[in-house]
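Dear colleague,

My notes on it follow directly after.

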Number of protein chains: 2
Amino acid sequence: MAEGRCYSPLPIAAVEQLPVPDALPVRFADIEAAATRIAGHAVRTPLLESPQLNALTGGRILIKPECLQRTGSFKFRGAWNRISQIDPATTPGGVVAYSSGNHAQGVAAAAAMRGLKALIVMPADTPAIKQANTRGYGAEVVTYDRASQSREEIAGRIARERGAIIVPPFDDPHIIAGQGTVGLELAEDAARLGASLDAVLVPCSGGGLVGGIATAVKSRMPKASIHSVEPAGFDDLARSLAAGKRLANDRTTGSICDALLSPTPGEITFAINSKLLAPGLAVSDGEAGAAMAYAFDRLKLVAEPGGAVALAAILSGKVDVRGRTVAVIISGGNVDRALYARILIENPSLP
Amino acid sequence: MAEGRCYSPLPIAAVEQLPVPDALPVRFADIEAAATRIAGHAVRTPLLESPQLNALTGGRILIKPECLQRTGSFKFRGAWNRISQIDPATTPGGVVAYSSGNHAQGVAAAAAMRGLKALIVMPADTPAIKQANTRGYGAEVVTYDRASQSREEIAGRIARERGAIIVPPFDDPHIIAGQGTVGLELAEDAARLGASLDAVLVPCSGGGLVGGIATAVKSRMPKASIHSVEPAGFDDLARSLAAGKRLANDRTTGSICDALLSPTPGEITFAINSKLLAPGLAVSDGEAGAAMAYAFDRLKLVAEPGGAVALAAILSGKVDVRGRTVAVIISGGNVDRALYARILIENPSLP
């Protein structure tokens with residue numbers, strides 16, 4: 001981040017003392033129940049702080065590195081919360097999921113731990129590490145063309161044939177509650193540090209993670225503003241929030257942020273997010289890559305492109321964090337070695 | 001790590017209920033005092049656990065990622081413990097240090113925070129990121145030829161000319177006590193997890209980190225065996241421990257583990273380590289690189305070559321961890337982007 005750069009950032013939203021309505025599809029109690037279910041199965045990721053990043057930004061930046069989670073992304077939390085409630089004896093067909101890669105790994109690992117068969121429908125252009133890891137956890141993988149085929153249809157047909165239960169990637173209260181445990185831990189650990197969160201920045205695709213986090217954090221720290229961060233050109237949630245209705249992206253491919261290409265907000269997630277979120281943000285692929293390289297140099301964390309977008313929003317000045325306490329979720333770290341190497345080489349080194 | 005590989009590992013030492021003698025140069029109380037000094041200045045690094053690594057090794061592996069420390073390595077701890085006790089008003093000449101790079105950054109950052117001038121004598125072949133960061137913290141850098149010049153002589157002459165205080169990299173009780181806070185935190189956090197440590201594996205150059213950790217851990221968990229891990233061909237401490245006297249390495253260059261090329265154990269560190277350590281281990285550059293790539297793929301942590309040697313000792317089967325609880329220190333993550341990219345590309349991907 002160059003010194004003296006021009007700031008035209010989004011101001012952090014004014015204090016909104018909105019309680020989380022109990023009428024929403026996911027309640028705080030659901031997240032507490034999910035936290036009990038995942039305890040001892042998921043990694044309780046730490047809350048990290050970099051003096052260098054604080055000095056650079058002028059804020060207090062708290063980093064929740066879900067790249068350190070089991071399977072390399074937050075997705076295991078929701079998957080385990082759903083799958084741990086399935087009885088293998090009565091579900092011999094196991095589970096079916098469709099996923100760009102991280103949910104696939106979360107479901108595959110959770111199913112294996114639960115003794116359930118798993119079949120995952122994945123885009124053919126999914127990073128090799130995500131496909132290999134999904135198979136490595138014992139799941140069967142079926143690929144499809146992201147531009148021309150419907151993953152929901154393929155998964156639905158297979159599930160009917162097998163008598164399997166579909167574990168959706170985000171539009172499911174159990175999944176959202178599981179992802180919300182990120183926010184619960186964040187609020188608990190921030191409180192332990194004596195920090196009151198002004199804002200939380202969350203990488204966003206279908207909206208399950210940001211919706212769960214918003215539900216948890218705003219229940220504990222109501223004045224925190226929660227911002228989704230999406231890839232530029234794939235900012236369906238930001239535009240939907242602004243329009244007050246669910247809008248779709250023009251494209252389904254064309255960003256290095258392979259985890260964040262969901263075409264439109266979910267119905268359930270949007271019911272939550274439209275109530276709880278502050279305006280959404282978007283970053284370019286270049287800003288995501290620069291944030292990955294920053295995380296390498298300074299945080300020593302491996303972030304995948306989509307996992308780095310919230311950090312990118314801060315580093316590129318999309319939000320004014322000066323004098324504020326802002327949490328950043330690094331949502332995953334599953335990136336192919338070759339792409340990561342290329343991003344390190346292409347991004348100019350720090351001064 | 002291939003399945004079915006042949007194990008000829010070092011057995012973890014039998015229970016040794018050796019109390020840490022109070023006559024040693026660093027006492028447990030010195031480490032507790034250092035912990036008080038660094039609190040709020042150093043990062044309290046988390047203790048991480050990877051279910052995948054546990055499953056792979058058959059042990060319970062607890063990872064202390066000092067790559068997440070301020071300046072990207074544990075070295076800030078010792079530097080701050082020493083430098084925070086220097087009064088800038090009475091020491092206008094500031095501090096002088098000699099370092100292969102990580103101590104340089106630790107001293108430079110600590111001196112800047114304390115308002116002291118810093119001059120660092122660094123080998124000319126130090127990774128660019130370490131030189132750039134050292135200057136970035138405001139220190140003056142003087143380079144020398146690792147093979148033909150004595151850094152101690154250069155630093156001593158400059159310190160005399162300037163009236164500066166030398167902050168040695170390891171052979172100093174304040175430095176050792178500072179590094180020992182890694183062990184104090186490790187013992188505290190392991191106890192919090194209900195884990196009793198069977199062994200601790202520590203990357204080792206001059207022996208300050210392993211000596212400090214041994215003092216702290218064996219004071220709290222006396223049956224833990226503490227092993228140094230060095231680069232093959234630079235295993236002066238392992239050979240010195242076996243011989244019962246300080247031996248030197250044949251070479252001063254020739255490993256990618258640039259942080260671990262100290263020619264011989266320190267006098268003070270060896271006085272401690274010869275009393276407290278179990279036999280030392282060594283790993284090849286290839287094993288260190290493979291561990292870096294593993295940490296990338298599975299732990300999502302950036303480890304530098306020297307920082308990865310303890311993990312490498314486990315992944316390459318140098319120690320039998322099956323059924324045991326073993327802590328691994330990842331001591332630093334300051335590696336140039338280009339070298340890191342090359343190591344990722346050169347190491348075969350996981351199956």
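In this predicted model, chain A is divided into two parts: domain 1 covers 28-73 together with 172-346, and domain 2 covers 75-166. The centres of domain 1 and domain 2 of chain A, taken over C-alpha atoms, are 23 Å apart. Their contact draws on 28 residues from domain 1 of chain A and 23 residues from domain 2 of chain A. On the domain 1 side, α1 and α7 of chain A each supply at least two residues, and α7(A) has the largest share, with seven residues. By class, this side of domain 1 of chain A consists of nine nonpolar, 14 polar and five charged residues.

As for chain A as a whole, its secondary structure comprises 13 helices and ten strands. The radius of gyration of chain A is 19 Å, close to the 20 Å that the globule rule gives for 351 residues, so the chain is as compact as a globular protein of that length. Along the principal axes, the C-alpha atoms of chain A fill a box of roughly 60 × 45 × 40 Å. Of the 351 residues in chain A, 60% are buried. Among the contacts in chain A between residues at least 6 apart in sequence, 77% join residues at least 24 apart.

Helix α1 of chain A, already mentioned for its part in the domain contact, spans residues 28-38. Its buried residues are A:Phe28, A:Asp30, A:Ile31, A:Ala34, A:Ala35, A:Arg37 and A:Ile38. In general, an α-helix has 3.6 residues a turn, so residues three or four places apart point the same way. The cover over the buried residues of α1(A) includes α3 (75-83), α7 (173-192) and α8 (208-220) of chain A. After α1(A) comes A:Gly40, which has a positive phi, near 85°.

I would also draw your attention to a sheet in chain A. It is an open sheet of four strands with parallel pairing, in the order β5-β4-β3-β6. The edges are taken by β5 (140-144) and β6 (165-166) of chain A; each has a single partner strand, so one side of each is left without a neighbour in the sheet. Strand β3 (residues 95-98) of chain A pairs with strand β4 (residues 118-123) of chain A in the parallel sense, over four bridges, and A:Tyr98 stands opposite A:Val121 in β4(A). The pairing of β4(A) with β5(A) is parallel as well and runs over five bridges; here A:Leu119 has A:Glu140 in β5(A) as its bridge partner. Together with helix α5 (residues 128-136) of chain A, the strands β4(A) and β5(A) make a right-handed β-α-β unit.

Finally, there is the interface between the chains. In chain B, 21 residues are in contact with 21 residues of chain A. The elements giving two or more residues to the chain B side are β1 (48-49) and α13 (337-346) of chain B. Of these, α13(B) gives the most, with six residues. By class, the side of chain B that touches chain A has 14 nonpolar, three polar and four charged residues.

With kind regards

Methods. Residues numbered from 1 in each chain as written. Chains lettered and ligands numbered in written order. Predicted model: local features only at pLDDT ≥ 70, side-chain atom pairs only at ≥ 80, totals over all residues. Contact = placed C-beta atoms within 7 Å. Nonpolar A, V, L, I, M, F, W, Y, C, P; charged D, E, K, R; others polar. Pairing = 2+ DSSP bridges. Buried ≥ 20, exposed ≤ 12 C-beta atoms within 10 Å, placed from the backbone. Rg over C-alpha atoms; globule rule 2.2 N^0.38 Å. Domains from an automatic or database assignment. Right-handed = clockwise from strand over helix to strand, strands pointing away.
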